[in-house]
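Have the model open as you read, and take the points in order.

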Amino acid sequence: MDLDALRHANLKLLDDAVEDWSIIVRNLNTLAEDAEKGLHQAANKAKWSGKNAGVSKEFIGKTAGEIKDAHTQAKSIHGVLKDTAGELKSYQTQLKDAIDRGLKKNLTVMDTGDGGFTVTMNVHPDRAAEGYTPPSHTQSDVNALRDEIQGILGKATESDDSASKVLKALADQTNYGFGDASYQDRDAAAEALKTADELAALAKKDPEKLSTAEFDRLNAGLKKYSADPLFAERFATTLGPRKTLDFWTGITDPHTGWDLRHDRREQFDDLQKNLSLTLASATQSDSAAMTSWKGNMVALVDQPVGRGGGFPLGGQVMSNLMRWGDYDDRFLNSYGDKLMATEKKFTGNGQHGAWQRLGPDAILNHTGTDSGWDPMTGYLKALANNPDAATSFFNDTFLTKDEDHDFTEKKDDKEVKRSLTNFDYLFEERHWPTDFDSEHEESIAGRNNLAMALEAATTGHPAGEQPTLDTPHHNAEQTKLMERLVSSIGEDPDERLLKHRHMLDSVGQITSEYLPDINRSISGADRDDPESTSWERTQKMYPMYGEEAVLDPRDVTKLLFTVGQSPDGYAAVETGQKAYMSQLMEHHLNPGLPADQVVDDDTEGVVRQIANKSGEVSGILALGRQEELAAAGKERDEDYKDSMDLVKSSISGGLGTAVGVGTSFVATPWVGALAGGATSTVTGTVLESVFQDFKSTELEDSEDARGERWQQGSETNGNRSGQAARLAAEEYGMVDPADAEAWARAGGEQGFLNAQAIVDGRTPGSRTTS
């Protein structure tokens, strides 16, 4: 900063800006609170239907989020301006005081106009003509004043430059809308940028020359700042995409960095995670530098980055740095397009395998689940964390009918070429390479990550989480994928799921979130007959918000029967169905239900059907459970008990966050329960009974014992249906509770018993038929 720029600066303008921003912050805070309460929370409580279900609710949620981000960004800007204004005023005062003190010693400070300044001694003209020479101590005063002023100007320049960099970085985070980078003061943001530069310099070093102390500093710094938007963007763009790949390739190269590998190999997994989280944060930035980074990283997917100029390719390396964090949707989809194009190239359009790791090849993944040599494994884990990108990816085309391949289907009794989506290829056709985990067991990571990515793609929330009030209703792209998933499982459940049982927990969670669609599919209504009233009745019986997945009932039976063979899958769907059944009872036994939502005047028929179809779902699941236990030759079903206990322990507060069911159907009592953080009386009581009913039992392998267990299951299911109907009737007083309980108990028992005939007709050869 120049001398005169600081000395004559009108800092009142900066004070005015600080005050203006403080007003903006206060106003935005009020607006954000109003948007959260008046828009967001109100939208979550409202009943949406038609196009509003898929658009308005989500739009309102995003709008409220944008207002919150605007407040966050305004607070950060205000903090930066406030700090900078305070410092510049202090430095201006220090400068003027120093100049005034100099004048008292006959010293003048002048701006030279080229960015510099001079300190000269004031000498009377007569004495100057006499050749007067000032005493030596005066020259030391000149030097001292010069150094003091230079120090003040240096600190003012640093303050001004720091503010400029931080403000620019904040503004560059998004092209549209507002960023969510939050900083209490300028120094915190400036320190993040400074640390990013320092750590990027360490990552650029030859890994063989990286000391253990530098490794530790880099690892700790990435862990500390991985979620910091400004740090992440600066680190990634300063390091650059190629250097990012070179860094991880060098770290994991078994032929280099012996000392580091010997001393820090156990920390490689932490570094991998911290680097992944940092890069994920960075991709959320829309800065010009980060936009270029993302494009260049995609271009490197099929390029060699290994020491010998061959493998690994950029995609093999980068996919292992994607396993944690929320990567930008557009980047993930662009990356996926290039990755699948590379897959086609190396597999002959999917006709043979690729990515088989050989002994000397590097271990690119240090989590212990797999070697990381197959780039799909890491990429699918990234999709599991990003629902929107996952939905788009799986619905994209992998091969068209016109390309060179041998994948066919039957049409008009002829074998013809078929087109494949990415889902079709990965779930049905891909030759997955053999890989091993750190225990030298065959790895299950590839297909497990595929199942998790499908969970995110079909449900709209990250895999491993539960739906919340903010989870959007299912959209057309999600239900399209769900329809294809259920159809594919129905075609060959053994090959596509039961050979890979580790996928069943995710498929069970998916199933639990499509129970409204499933109950509609098994209702027996003819949706294609324009003269039939059964479909209109079914739609009212099972109200739905968002798009419906139209499922074949035969495929649904096979899905439920297959999921029932997984303890986790069984627990997710069984508890979800009981919760859904209870919500339906509350919904339809409420006399305040709007007339256009009332099924008909036959309340008994409504109660019986709800209980009956719920019993069919539970019965088919129970048969799947029986199939699994018989196949495994187990004497107790302890694993199923453990899974049910796990679901029970996860219920704390809002029921919907623990039970699946999803957001396709949300009855009013459930919304109230979620919003208030408490479980509704009917659903909560029924589920508590379900957990008490479920006990680990001895599994005697005899026809009499199996028959007795089956009858007990029917009675228990009927009891829970009756309990839900009775509690709902007591709550609303629409019908006599005893009548409601009797109708529901009979319907539930019959539905459970019907399951045997349904499964026998649709899953021939199962052990449940004996």
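1. Helices here are DSSP runs of H or I with at least four residues, strands are runs of E with at least two, and both are numbered from the N terminus.

2. Before going further, please note that this is a predicted model, where local features need pLDDT of at least 70 and side-chain atom pairs count only at pLDDT 80 or more, while totals for chains, interfaces and linings use all residues. Residues are numbered from 1 along each chain as its sequence is written, and side-chain values use heavy atoms, with hydrogens and water left out.

3. Which residues of α13 are buried? They are Met290, Trp293, Lys294, Met297 and Val298. Buried means under 20% relative accessible area, exposed means over 50%, and partly exposed lies in between (1.4 Å probe, protein chains only). These five residues of α13 lie on the same side of the helix because they cover an arc of only 130° around the axis; the arc is taken from the directions from the helix axis to the C-beta atoms. Their cover includes α9, α10, α12, α14 and α15.

4. Next, look at the loop between α13 and α14, where Pro312 is found. The peptide bond from Phe311 to Pro312 is cis, with omega near 5°.

5. Is Asp412 buried or exposed? Asp412 is exposed, with a relative accessible area of 75%, and Asp413 also counts as exposed, at 75%.

6. Do visit the hairpin that β1 and β2 form, with five residues between the strands. Strand β1 (residues 107-111) pairs with β2 (residues 117-121) in the antiparallel sense over five bridges; pairing requires at least two bridges found by DSSP. Thr108 has Thr120 as its bridge partner in β2, and Gly113 in the turn has a positive phi of about 85°.

7. Lastly, the overall picture: the protein chain has 33 helices and six strands, and 52% of its 770 residues count as buried.

Note on methods. Contact = heavy atoms within 4.5 Å.
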